[in-house]
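Here's a quick briefing to read with the structure open beside you. Grab a viewer and follow along.

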Amino acid sequence: MIKHLLTILVTLMLWVPNFASAADPKVAFIYVGPVGDGGWTYAHDLGRRHLEKMGVETTYVESVPETDSERVLRNLARRGYDIIFTTSFGYMDPTLNVAKQFPDTIFMHASGFRTHDNMGNYFARMYQARYLVGMVAGMMTKSDKIGIIGSHPIPEIIRHINAFTLGVRSVNPKATTQVIWVNSWFDPAKEGAAANSLMDNGADIVTITTDSAAATQTAAKRGLYSIGNDSDMTLYGPEAHLTANIFNWGIYYEHIYNQVKNGTWKPSSDWWGIETGAVDLAPFGKMVPKNVQDMVMAKKAEIVSGEFVVFKGPIKGQDGSTAIAAGAFPSDQDLLSMMYYVEGVVGDIPQ
Amino acid sequence: MSVQVTVTVGSIVLALILGSVLLAMVGVNPMEAYPSVGALMFFDQWGWQDLFLKMTPLLLTGLGVAIAAQLNLWNIGAEGQLYLGAIATTWLALEFSESLDAHFMLPILLIGTFVAGGMWAAIPAGLRSWFGVNEIITTLLLNYVAISLADYLLYGAWRDPSTLNFPMTRSFGESSYLPMIGSTTVHWGLPLGILLAVLTWILLRSTTIGFQIRVAGDNLSAADYSGFNTKNLLFIVLVLSGAVAALAGMTEVAGIHHRLQQNFSINYGYTGIIVSRLARNHPIGVIGTAFLLAVIFVGGELLQVEYQLPIAVVYLFEGLLLFTVIGSELFLSYRLRRRVAL
């Protein structure tokens, strides 16, 4: 009997992975852009600084090209960092490769889909906030044309364009959105040029799925409006910036840090919604009227409570056909592989 | 030769001194940072593996540019040739790596990529040789064509459905993986690059065509008058240049990523121009300068990790080094001489 118990105990001890039992895990981040991008990377760095304020030792490496990330990750792992957050889609396979080489380090990859014994992935349901800022755009546009600067035509971005467009047309069925792809996450010059073309084409509001504040600056210069992305971009054009869909990564990073510290971390795929506070809206600009703000905040409360779901049928595809049948809720898997535009988006997905 | 080495080493030391001022300005003690970063790079197995990995594509693109430079041709197209090489490798790997084992696959990748890169470079080479079209412009513009071609394939026919439509191909079969040297993470692309550099040097020094190239490089008209077919020479050299640069694409996708994905090149083709220029276009010299640039990149990363320096400081550092090394050429081209009284 005792022998059996012992066997079970030993098996259990061997089986439960002994992750970073160090009392105070050290945390590292790699960023695809510079910390000063004012958008995506800046949002992650605010999360890192949140950890620093808690007294956690952190470091980061910025502007790491996706295809060079494996070496940088290996460097961080061998420097003794216990948790490494890799914050770009293209870091996915490099993260997995390094995770296999350093089984005692925990890797968390943003916006991907791979997991391993010591690797999890995470993202936040930014599409919920996109819908809300889309409502703002739909009510504020006069030309009924809204421009979107697309980064890469991948499902995440298509989903965001669709959610935004659904938001726009929920309040303004005449309005359309037009997308220009820049094939880059961070390229202020291209983003600025794309903003100009969209505005030349009649758009009076532009939003972005890229990382820089160039579109907001361009809108400010031309006396038109913009909606920021990932971080509050008000500073770059207070008179143009209506609002922004933003991440609050600090909440999530604190959660993961505590899990690792307490030894309760397990690999998983997290997709936190607006109810957790991990995604939100930036403060409204002064030009957004009170009734618009109220309507948007009321809708936000409905999403938080679960009363309203952004992707719920009936939703029509770009050509008017049924994309999501009436009453149907697409699964997360469907959302993660979404590769069609909804009705109201002008243009084609590059193939 | 010894003067060149002395001046180059001197200019690197100067860059380190100037860099130490830079480090001190951002609050890092250079006396502490240099030894610790140096130790992490040179006396750490991961460190030198990083250096060798980073050096490989730079060596191949640098060598490609250097070959063209023998005839005073500017191959600005190494980036596109690298992309085309990667496309050729990917096509071969996706088509055949399930049915062939590594003994057949690796030579097929090597030869196939070499030929594809050469054919790609034959466009600007032919235009240059027989129509006198400036190769700087054609090679540069073809970069965008090659990159767009890769994007077209990645967003279309080659996109892997299992990666949720993200623009990357599926992984190659294992028979298309470049093997690693021993138990390191360094693949055989580096020895390949060094071998090609040596072969190029021998070709230039000890063969008839090498002699013709050297003569034509010194004076194209003189070569013409000597009865050399300079049009053919220009064509061959530029084609060879593109074929070698294309191999960098093969070593990157078959050696590291094992698939083609967007933006896989970190300007290796353009950096190859610097590699070649720093080596004064000497085929053996590019081995040294490719290593030097790898040190700059990897050292810059380590400075970031260890001292949380912003990337801008790292870029400044790289700029300083290139500035002093290229600036030092002044001392190689012009020498102070004491005037001897008659």
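In chain B, take the contacts between residues at least 6 apart in sequence: 77% of them join residues at least 24 apart. Keep in mind that this is a predicted model.

**Chain B overall**

- Chain B is built from 14 helices and 0 strands, so its pattern along the sequence reads α-α-α-α-α-α-α-α-α-α-α-α-α-α.
- As for burial, 48% of the 342 residues of chain B count as buried.

**Domains of chain B**

**Helix 3 against helix 10 in chain B**

- The axes of helix 3 and helix 10 (residues 230–257) of chain B come within 7 Å of each other and cross at roughly 175°.
- Angles over 145 degrees count as roughly antiparallel, and helix 3 and helix 10 of chain B are therefore roughly antiparallel to each other.
- From helix 3 of chain B, the residues making the contact include B:T56, B:P57, B:L60 and B:L63.
- From helix 10 of chain B, they include B:V237, B:L238, B:V244 and B:E252.
- Sorted by class, the contact of helix 3 with helix 10 of chain B has 13 nonpolar, 6 polar and 1 charged residues.

**Where chain B meets chain A**

- Chain B brings 21 residues to the contact between the chains, and chain A brings 28 residues.
- Which elements of chain B give two or more residues to the side that touches chain A? They are helix 3 (45–69), helix 6 (135–155) and helix 12 (285–307) of chain B.
- Helix 12 of chain B has the largest share of that side, with 4 residues.
- The side of chain B that touches chain A comes out as 11 nonpolar, 7 polar and 3 charged residues.

**Domains of chain A**

- Chain A is divided into domain 1 (24–124) and domain 2 (126–246 + 279–346).
- The centres of domain 1 and domain 2 of chain A, taken over C-alpha atoms, are 28 Å apart.
- The contact between these domains of chain A takes 12 residues from domain 1 and 15 residues from domain 2.
- Helix 2 (residues 40–53) of chain A supplies the largest share of the domain 1 side, 4 residues.
- That domain 1 side in chain A has 6 nonpolar, 5 polar and 1 charged residues.

**A closer look at A:M233**

- You'll find A:M233 in the loop between strand 9 (225–230) and strand 10 (241–247) of chain A.
- Is A:M233 buried or exposed? A:M233 is buried, because 28 other C-beta atoms lie within 10 Å.
- Leaving out residues up to four places away in sequence, A:M233 touches A:G38, A:A213, A:T216, A:G228, A:H241 and A:A244.
- A:M233 and A:S88 are 145 residues apart in sequence and 20 Å apart in space, C-alpha to C-alpha.

**Backbone details to check**

- Most residues other than glycine have a negative phi, and most peptide bonds are trans.
- A:S111 has a positive phi, near 75°, and lies in the loop between strand 4 (106–110) and strand 5 (119–124) of chain A.
- With 21 other C-beta atoms within 10 Å, A:S111 is buried.
- B:N72 also has a positive phi, near 60°, and is found in the loop between helix 3 and helix 4 (78–96) of chain B.
- B:N72 counts as exposed, with 12 C-beta neighbours inside 10 Å.
- The peptide bond joining A:G313 and A:P314 is cis, with omega about 5°.
- A:P314 is in the loop between helix 10 (290–305) and strand 13 (315–316) of chain A.

Definitions and conventions:
Residues numbered from 1 in each chain as written. Chains lettered and ligands numbered in written order. Predicted model: local features only at pLDDT ≥ 70, side-chain atom pairs only at ≥ 80, totals over all residues. Contact = placed C-beta atoms within 7 Å. Nonpolar A, V, L, I, M, F, W, Y, C, P; charged D, E, K, R; others polar. Axes fitted to C-alpha atoms, helices over the stretch in contact; angles between N-to-C directions. Parallel < 35°, antiparallel > 145°, perpendicular 65-115°, else oblique. Buried ≥ 20, exposed ≤ 12 C-beta atoms within 10 Å, placed from the backbone. Domains from an automatic or database assignment.
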